[in-house]
Amino acid sequence: MSTIERLSPDGFSEPEPDVRYLPADDAAPIVDALGSRTAQSILAELADGSATPTELADRVGTSVQNVCYHLPKLEEAGLVTVVGTRYSEKGAEMDVYAREVGAIVIGDPSSSDDE
């Protein structure tokens, strides 16, 4: 499927994935969002670059509806973000998603086992 990207002088500005440290008490939304193999696969596929739900469905091997079910949960958990818009050949506007984080560490970054 070919797409037309929304014209922008700078293109998409994808966020630089960071390492997110979470206290165990605050990890529940992320753990819930990543509770299915499909959600994990979507996040893994976005490591290769931004994509529309249709592109993700093709890459993950599932339906667009299934991807569209998981993306809002991943977005609400702060794991993915919308970075732009593309238009399909038929003129449908599609959000383009990118990863928001590179790694998630559950625990206190200041604590160390070396003490």
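Where does leucine 34 lie? Leucine 34 is found in the loop that runs between helix 1 and helix 2, where helices (H or I, at least four residues) and strands (E, at least two) are DSSP runs numbered from the N terminus. The model is predicted, so that local features need pLDDT of at least 70 and side-chain atom pairs count only at pLDDT 80 or more, whereas totals for chains, interfaces and linings use all residues. Residues are numbered from 1 along each chain as its sequence is written, and side-chain values use heavy atoms, with hydrogens and water left out.

The chain as a whole contains four helices and five strands, and along the sequence these follow the pattern β-β-α-α-α-α-β-β-β. Of its 115 residues, 31% count as buried, where buried means under 20% relative accessible area, exposed means over 50%, and partly exposed is in between (1.4 Å probe, protein chains only). With contact taken as heavy atoms within 4.5 Å, residues 24 or more positions apart account for 62% of the contacts in the chain that have a separation of 6 or more.

Leucine 34 gives an example of such a link across the sequence. Its C-alpha atom is 9.2 Å from that of alanine 77, although 43 residues separate leucine 34 and alanine 77 in sequence. Not counting residues up to four places away in sequence, leucine 34 touches Ala39, Gln40, Leu43, Leu74, Leu79 and Ile104.

The largest nonpolar core has 20 residues, of which Ile42, Leu46, Leu56, Leu71, Leu74, Leu79 and Val80 touch the most other members; a nonpolar core is a set of buried Ala, Val, Leu, Ile, Met, Phe, Trp, Tyr and Cys residues joined through side-chain atoms within 4.5 Å. At least two residues of this core come from each of helix 1 (28-33), helix 2 (37-45), helix 3 (53-60) and helix 4 (64-76). In soluble globular proteins, nonpolar side chains tend to be buried together. Leucine 56, when its neighbours within four places in sequence are left aside, is in contact with Ile42, Glu45, Leu46, Ala51, Gly61, Val67 and Leu71.

An α-helix has 3.6 residues a turn, so residues three or four places apart point the same way.

How do the helices meet? Helix 2 and helix 4 pack at an angle of about 75° with their axes 10 Å apart, the axes being lines fitted to C-alpha atoms, for helices over the stretch in contact, and the angles running from 0 to 180 degrees between N-to-C directions. Helix 2 is thus roughly perpendicular to helix 4, given that angles under 35 degrees count as roughly parallel, over 145 as roughly antiparallel, 65 to 115 as roughly perpendicular and the rest as oblique. Thr38, Ala39 and Ile42 of helix 2 make this contact with Asn66, Val67, His70, Leu71 and Leu74 of helix 4.

Asparagine 66 is partly exposed, with a relative accessible area of 23%, and its C-alpha atom is 9.3 Å from that of alanine 39, 27 residues apart along the chain. Helix 2 also meets helix 3, their axes coming within 10 Å and crossing at roughly 110°, and these two helices are therefore roughly perpendicular to each other. Here Ser41, Ile42 and Glu45 of helix 2 face Leu56, Arg59 and Val60 of helix 3 in the contact.

Leucine 22, in strand 2 (residues 18-22), counts as buried at 11% relative accessibility, and its C-alpha atom is 5.7 Å from that of glycine 107, 85 residues apart along the chain. Alanine 103, in strand 5 (residues 101-106), counts as partly exposed at 30% relative accessibility; not counting residues up to four places away in sequence, alanine 103 touches Asp18, Val19 and Arg20.
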